[in-house]
Amino acid sequence: MLDYKKQIIRPFILASLLLSAALAGLLFAAIHLVHISRQAEQTDVLRIEAIKLHKAIVQVETGQRGYLLTQNVRFLENYRKGKADIKRITHTLNAQMIDVPDIKHRFEDVSKLVEIKLRVTEASIQTEINSGAYAPHLNSAKIGVNIMDRIDTELEDIDDLLQRRKAELSDASRRALKQ
């Protein structure tokens, strides 16, 4: 009589084990997809913040140029706002790049260039304030342009890296769904 009960229960136990294994596999796949999704979201945030950084640098330049051309102090407000935005965005990017060391290294290079750009910009504004329109800071425009060109190139390279990362994550997501 005991064998009869075992024979009835065995298929249910086997089915339960197979179902448990399938559910465990499904759970693992779901966790993996959530992880990939978070990485893709982080990549999008990094791209958006990099664009915001570029816009803030341009805002600083716009304030500087406006002031140097017109001596109107209202342009300095754009300059100050751009500097504050750069600081905030840089902080956000540093916090977001913990899991992306290859891009973090590139961003550190951009941060150094931005610091140089801000010093050159600040120096030209201070020279204008202290010395007037015929000051030698007018020759420093080429330095600012060269630095901005390097910043643009670095940010474009970072964006390319982030786009490739996003494509790789999309491919990984598709592969995970096929399994």
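The largest nonpolar core has 29 residues, and Leu53, Ile86, Val110 and Ile151 touch the most other members. Such a core is a set of buried Ala, Val, Leu, Ile, Met, Phe, Trp, Tyr and Cys residues joined through side-chain atoms within 4.5 Å, where buried means under 20% relative accessible area with a 1.4 Å probe, protein chains only. At least two residues of this core come from each of α1 (2-70), α2 (74-96), α3 (101-131) and α4 (141-178); helices here are DSSP runs (H or I) of at least four residues, numbered from the N terminus. This is a predicted model, so local features need pLDDT of at least 70 and side-chain atom pairs 80 or more, while totals for chains, interfaces and linings use all residues. Residues count from 1 along each chain as its sequence is written, and side-chain values use heavy atoms, leaving out hydrogens and water.

Now for some individual contacts (heavy atoms within 4.5 Å). Setting aside neighbours within four places in sequence, Val110 is in contact with Leu53, Ile151, Glu154, Leu155 and Ile158. Glu61, in helix α1, counts as buried because its relative accessibility is 7%. With residues up to four places away in sequence not counted, Glu61 touches Lys117, Gly144 and Met148.

As for helix packing, α2 and α3 meet at an angle of about 160 degrees, with axes 12 Å apart; axes are lines fitted to C-alpha atoms over the stretch in contact, and angles run from 0 to 180 degrees between N-to-C directions. That makes α2 roughly antiparallel to α3, a label for angles over 145 degrees. Residues at this contact include Leu76, Tyr79 and Ile86 in α2, and Phe107, Val114 and Leu118 in α3.

Notes: Buried means under 20% relative accessible area, exposed over 50%, partly exposed in between (1.4 Å probe, protein chains only). Angles under 35 degrees count as roughly parallel, over 145 as roughly antiparallel, 65 to 115 as roughly perpendicular and the rest as oblique.
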